[in-house]
Amino acid sequence: MRAALLASAVAFASPALAAGTGPNGEPLADDQTFTYRVLDEHSSVDPQIVEDVSGSEIVRDLFEGLYNQDADGNLVPGVALSHELSEDRMTYTFKLRPEAKWSDGTPVTAGDFVYGWQRLADPETASPYQWFVSVMNLKNAEAITAGEMGVEELGVKAIDDHTLEVTLESPMTYFPLTTTHASTFPSPKWVIDEHGADWTKPENIVVNGAYILTEHVPQERSVRERNEMYWDNEGTIIDKVTALVINDENVALTRYLAGELDRTEVPAGQYPSLKEQYPDQALSFPRLCNYYFNFNLSDMGPEATQDVRVRQALSLAVNRDIIVENVLQGGQFPAYTFTPAATANFEVPEIEYANWTQAERDARAKELLAEAGYGPDNPLELTYLYNTSEAHKKIAIAVSQMWKQTLGVNVTLENQEWKTFLETRGNHDFEIARGAWCGDYNEASTFLDLVQTESGYNDAAYSNAEVDQLLKEAKAMDDPQPNYTRVEEILSEEMPVIPIYHYAGVYMMVPEISGSWPVQNVEQNWYSKDLYKVAE
């Protein structure tokens, strides 16, 4: 079988834009800048190092991978124009566009992808996303990341400058979806060789995306501006993009209302009133993200939560309806599975406790905690870790009060700045910790792989041989739903994590740009090159 996924898009290019008009003929504003708020300093702008959402947003502007997404989340050509699939469904051959260039004028080649992917897999890179090469099911990925084989054995090869061959361990129908992830973007070896870890500084960086990094003030702002070498620079409208680090959601809202920002998140609990006051600026739509609590099941974790009855009790005692309806109020969804319902081709399984009343959950929670030996004479003491944010704080307070009132559990709340939090959680130096995940691609495995034993983001240190086997088998299945259903059932029984809610995108956004925002893309992979401001 030979199939070209994007055959109809071969030689795709954006149509030339008439002066002063947008893609649909709209009159454009004179000011084509976009300024938005982020909660924390991004982790990196190195494609193989970045690990957070805000950093990935920047990286998608600075670099371009094989494929991008359109406003509905469908794959569209990036550096790759198309691909062909071998008869055995194990080998993908990508045809790259010859006009793609790096910002220093060097042509983008298949070798730049080979280098980037090998760099991701290389244990010496110490990428927090190293495990993604196994998620992609690349040939020899697991042996390479384990240090048992050299990176040159990874299943990726440059046939010539514009032909990239990728070989998998087994057929995997959703493999192309993984190529929009930042970690799969090409990297400029000659620049990294010259500057080392400093290669991403504005004065050194070389990129192949629609924008180039022109300024970065840590903990304050980063600025990217049009890359004139980008192959579709003529089809790009936004000239300059600025991300401002504003730790306080309410301060950010004040600055938005003062005209300093084009987009900011709505503070928890304020969406209903803001929607009434600013109906054309307050937006809420489903997102492919989950919010959960990790139990530390490693040897460093507390003895109490090694007991599954304690974990089940704590989960049952969380009133998720109160979290989404009273605390957040932004269109979020109560979560009883790890995988959101918004995930493509995923059928939410029946989880028994999801159909109980909260009174029934509370009653069972009390029984379980008593069976585990905790009560008035032996109260459970726990510490909950979260990263600094008013919304995270409100959720932490609400849940700790639920646990106290229902179960008599005493919870100490601890918050840390983002990078410190990531390090602390990654080192398993916590008892219970906030977790959240936005899908790297739109398929259930992007969530469920997090509970696989060897996952780089298995912060609970959970290990279940049946789960590992089910997920491994699912990669090659045309219909993996039965495996995903069973994994979700196991998670609801063993409760290594507590699903709290599934996200909505809840923004204040100026009407001038909201029309070009991809609200239909639940992954929220947005690209500044596709945005534009219309005239008022």
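Predicted model: local features only at pLDDT ≥ 70, side-chain atom pairs only at ≥ 80, totals over all residues.
Residues are numbered from 1 along each chain as its sequence is written, and side-chain values use heavy atoms, with hydrogens and water left out.

**Confidence**

The term pLDDT stands for the predictor's confidence in each residue, from 0 to 100. The protein chain has an average pLDDT of 94, and 96% of the residues score at least 70. Over residues 1-16, however, the pLDDT is below 50, and this stretch has 32 contacts in the model beyond near neighbours in sequence. A contact means heavy atoms within 4.5 Å.

**A sheet of four strands**

Helices (H or I, at least four residues) and strands (E, at least two) are DSSP runs, numbered from the N terminus. Two strands pair if DSSP finds at least two bridges between them. In what order do the strands of the open sheet of 4 strands come? The order is β4-β5-β7-β6, with antiparallel pairing. At the edges are β4 (80-85) and β6 (156-160), each of which pairs on one side only. From one strand to the next, the twist averages 25°. For angles, axes are lines fitted to C-alpha atoms (for helices over the stretch in contact), and values run from 0 to 180 degrees between N-to-C directions.

β6 and β7 form a hairpin with 2 residues between them. On β5, Thr-91 stands opposite Thr-167 in β7, while the bridge partner of Tyr-92 in β7 is Val-166. Helix α2 (residues 110-121) lies across β5, β6 and β7, and runs at about 170° to β6.

**Strand pairs side by side**

| Strand pair | Bridges |
|---|---|
| β5 (residues 91-96) and β7 (residues 163-167) | 5 bridges |
| β6 and β7 | 4 bridges |
| β8 (residues 211-217) and β9 (residues 221-226) | 6 bridges |
| β9 and β10 (residues 240-245) | 5 bridges |

β8 and β9 form a hairpin with 3 residues between them, and Gln-219 in the turn has a positive phi of about 65°. Val-217 has Arg-221 in β9 as its bridge partner. Further along, Glu-225 stands opposite Lys-240 in β10.

**Two residues to look up**

Is Gly-505 buried or exposed? Gly-505 counts as buried because its relative accessibility is 1%; buried means under 20% relative accessible area, exposed over 50%, and partly exposed in between (1.4 Å probe, protein chains only). Gly-505 lies in strand β17 (residues 497-509). Not counting residues up to four places away in sequence, Gly-505 touches Leu-283, Ser-284, Phe-285 and Arg-287. The C-alpha atoms of Gly-505 and Gln-332 are separated by 8.5 Å, although these residues are 173 residues apart along the chain.

Ser-298 sits in the loop between β12 (282-295) and α8 (308-316). With a relative accessible area of 13%, Ser-298 is buried too. Leaving aside neighbours within four places in sequence, Ser-298 is in contact with Gln-306, His-428, Ala-460 and Ala-461.
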